[in-house]
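Here is a structure to read by its own rules.

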Amino acid sequence: MKKAWRIVLILTLSVLALGGICFALSLILGADLVRISDAVFARYDLAQTILNVQNLIFKIKTIF
Amino acid sequence: MTISMNWEETVIGRQKFIAELAKLLSGMTARDRESTLAKYNDMFDKAGNEEELLTNLGSPTRVAICELRGYIPSEEPEPESASSEIPDCQAAPDGLIEPEPTPEPLSEEPAGESPPATDVSDGLVEYFRDTPRPAEPEDEPVPDPAPEESPRDGAEDGDPDTPEPAFDRSAPEKPRPIAGRIILYAAFGILVCIPVTAVLAALSLCLLALGAGLLSIGIFTVSLSFAGISVFADIMMLIGAGLVIGALGVPVAFLAVWVFLRLTVGFVNLILRTGAKWCYENEKEESQT
């Protein structure tokens, strides 16, 4: 189990480091969150998806 | 022609016998094996008719069983008298290790009387009855007929001072249940252990769901980078964010597995073990208390 934990931690830390490097690089290169959200919302109707999830939760609550 | 053929067959049979015996005696130490094989080689050398000896000895497997039964690895060199004896095959009862047979001195043996039939098998008895024993040198010390007395002999004679053998043939004792403790244990299990187990299982499930959720969000975030985003910096940001979120999900999911295996299953095992100890009592423990 200790060996498995070590492997998991090494994997996690390496992926975290890679993600952090990517994120920092994107900030340096001038990434814009508003531009990203516009692009995502243009392709996916996330507002409708959120509404659907809320409806589903409401229906489940009415059952119980 | 016939004689030479017979001689050839005898030699081959002897060689095969010794080789097979050497293989079967691989459980012995090297020195003991060598001495045993030397003993049988001597026997073959001294025997007039080797075919007859082979017939009397039987299969190498049988001889190996005879040798290995009651075999105790010796650190000291074996006495010379022991090397000329055939191992006792029939005296040892099942499950007990019989001590080495005490060699009887030749001087006490009455002339013309056969050796006891219980020592060796019938074929060997016949062979050794017919074959004269080699004369032992006079300066060689004759072994004491009863140098050590086995504890089993004393026990059979009913000697109270003789310690009993360590091997206990009695059936294993059944643990005795204690009714009051079983009722208490059942109540404790229903009231406390089952809810605790359920909480631990739910905790591990929640952690698993959290880890899986984080992993899915990370993968989804990375997938968004392919959703028509044209700026490289934005793609890098989505990939970086997805990797960070997904990386957080991996240890959480593994923590869920750990919580389930170590805490939940460990708690159940602990309760079961403790209950088995607490609710059942062995007679030995009772006698100690």
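The questions below set values against definitions.

Q: What should be known before reading the values?
A: This is a predicted model, in which local features need pLDDT of at least 70, side-chain atom pairs count only at pLDDT 80 or more, and totals for chains, interfaces and linings use all residues. Residues are numbered from 1 along each chain as its sequence is written, chains are lettered from A and ligands numbered from 1 in the order in which they are written, and side-chain values use heavy atoms, with hydrogens and water left out.

Q: How many helices and strands are in chain B, and what makes a run count as one?
A: Helices are DSSP runs of H or I with at least four residues, strands are runs of E with at least two, and both are numbered from the N terminus. Chain B has 10 helices and 2 strands. Along the sequence they read α-α-α-α-α-α-α-β-α-α-β-α.

Q: What pattern do the elements of chain A follow?
A: They run α-α-α from the N terminus. That is 3 helices and 0 strands.

Q: How do you know whether the span of helix H2 of chain B agrees with its number of residues?
A: The expected span is 1.5 Å times one less than the number of residues. H2(B) covers residues 30–46, which is 17 residues, so it should span 24 Å. Its end C-alpha atoms are 24 Å apart, and the two agree.

Q: Which residues of H2(B) are buried?
A: They are B:Asp32, B:Thr36, B:Leu37, B:Lys39, B:Tyr40, B:Met43 and B:Phe44. Buried means under 20% relative accessible area, exposed means over 50%, and partly exposed lies in between (1.4 Å probe, protein chains only).

Q: Why is B:Asp45 called exposed?
A: Its relative accessible area is 51%. The cut-off for exposed is passed, so the label holds for B:Asp45.

Q: What makes B:Asp45 and B:Arg14 a salt bridge?
A: A salt bridge needs a side-chain nitrogen of Lys or Arg within 4 Å of a carboxyl oxygen of Asp or Glu. For B:Asp45 and B:Arg14 the N to O distance is 2.8 Å, and the pair qualifies. B:Asp45 is in helix H2 of chain B and B:Arg14 in helix H1 (residues 2–24) of chain B, 31 residues apart.

Q: Which residue besides B:Asp45 is linked with B:Arg14 in a network of salt bridges?
A: B:Glu50 is, and B:Arg14, B:Asp45 and B:Glu50 together form the network. The closest N and O atoms of B:Arg14 and B:Glu50 are 3.4 Å apart. B:Glu50 belongs to helix H3 (residues 50–57) of chain B, 36 residues from B:Arg14.

Q: Are B:Arg14 and B:Glu50 buried or exposed?
A: B:Arg14 has 17% relative accessibility, so it counts as buried. B:Glu50 has 15%, so it is buried as well.

Q: How many salt bridges does the rule give over all chains?
A: The count is 4.

Q: How many disulfides are there over all chains?
A: There are 0. A disulfide would need a pair of cysteine sulfur atoms within 2.5 Å.

Q: Are B:Cys206 and B:Cys279 buried or exposed?
A: B:Cys206 has a relative accessible area of 53%, so it is exposed. B:Cys279 is at 3%, so it counts as buried.

Q: Which residues form the nonpolar patch on the surface?
A: They are A:Met1, B:Leu205, B:Leu208, B:Val257, B:Phe260, B:Leu261 and B:Val265, with about 580 Å² of accessible area together. H9(B) gives the largest share, 4 residues.

Terms used
Patches are made of residues with over 30% relative accessible area and no salt bridge: like charges are joined within 9 Å, nonpolar side chains (Val, Leu, Ile, Met, Phe, Trp, Tyr) within 5 Å. Accessible areas come from the Shrake-Rupley method with a 1.4 Å probe; for residues, only the protein chains shown count as cover.
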